[in-house]
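Q: Pick one part of this model and take me through it closely, please. I'd like the cut-offs spelled out as you go.

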Amino acid sequence: ADQAAAMTPTPTSLGAGGGDCDDDLEAMPLAFRAMSGKRGGERICGAGDGVAEGAVDDRCWVEQMLLPAGVTFSKAASSGLFFLMLYTFVFSAWYMAVGGDICSVDRRAADRLQAEVVELRAQLEA
């Protein structure tokens, strides 16, 4: 019973008590440590909130190499998803506006050109 009570997290063991949260990090159970966004006093890769002017860039090395300062993969992915959804919406609205006949403009142009060819051939024969 004493061992189960020792393993149960209390507000003090989770950093809610006095003191710095980083001091209480080692006292946290592993599951709560993972939720805190820190591992051994460092931020977990991708858990950054952006980079202020003059602040240390704490992103993954891949994010630092591929993305501008302050951008994480999750922010870039959400922006990409937004533009993909915007493109899908615009395409769907255009498709409904033309009534599903996406070749009508090309067909009308081909009909006009065919009429012009017939007219020019008639002029040549005359």
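A: The chain has five helices and two strands, where helices are DSSP runs of H or I with at least four residues, strands are runs of E with at least two, and numbering starts at the N terminus. Read from the N terminus, the order is α-α-β-β-α-α-α. Keep in mind that this is a predicted model, with local features needing pLDDT of at least 70, side-chain atom pairs counting only at pLDDT 80 or more, and totals for chains, interfaces and linings using all residues. Residues are numbered from 1 along each chain as its sequence is written, and side-chain values use heavy atoms, with hydrogens and water left out.

Let's come in from the loop between α3 (61–66) and α4, where Thr72 sits. Thr72 is buried at 3% relative accessibility; buried means under 20% relative accessible area, exposed over 50%, and partly exposed in between, with a 1.4 Å probe and protein chains only. Buried residues account for 11% of the chain's 126 residues. The Thr72 side chain also has a polar contact, at 3.1 Å, with the side chain of Ser74. Such a contact is a pair of N or O atoms within 3.5 Å; within protein, one must be able to donate a hydrogen and the other to accept it, and residues adjacent in sequence count only if both atoms are side-chain atoms.

Now α4 itself: residues 73–97, 25 residues, spanning 36 Å from first C-alpha to last, close to the 36 Å expected. That expected span is 1.5 Å times one less than the number of residues.

Next, the aromatics. The whole structure has three aromatic pairs. Phe82 and Phe83 make an edge-to-face pair, because their ring centres are 5.1 Å apart and their planes are at 75°. The rule takes rings of Phe, Tyr and Trp (its six-membered ring) with centres within 6.5 Å; planes under 30 degrees apart are stacked, over 60 edge-to-face, and the rest tilted. Phe82 is partly exposed at 46%, while Phe83 counts as exposed at 53%.

Phe91, Trp94 and Tyr95 are linked into a cluster by ring pairs. These residues are also in a nonpolar surface patch with Tyr87, Val98 and Ile102, about 600 Å² of accessible area together. Areas are Shrake-Rupley with a 1.4 Å probe, and for residues only the protein chains shown count as cover. Patch members need over 30% relative accessible area and no salt bridge; like charges are joined within 9 Å, and nonpolar side chains (Val, Leu, Ile, Met, Phe, Trp, Tyr) within 5 Å.

Past the helix, Gly99 follows α4 with a positive phi near 70°. Ile102 belongs to the loop between α4 and α5 and is partly exposed at 45%.

Asp101, partly exposed at 29%, has two partners here. The criterion is a side-chain nitrogen of Lys or Arg within 4 Å of a carboxyl oxygen of Asp or Glu. Arg107 is partly exposed at 43%. The backbone oxygen of Asp101 is also 3.4 Å from a polar side-chain atom of Ser104. Ser104 lies in helix α5 (residues 104–125) and is buried at 13%.
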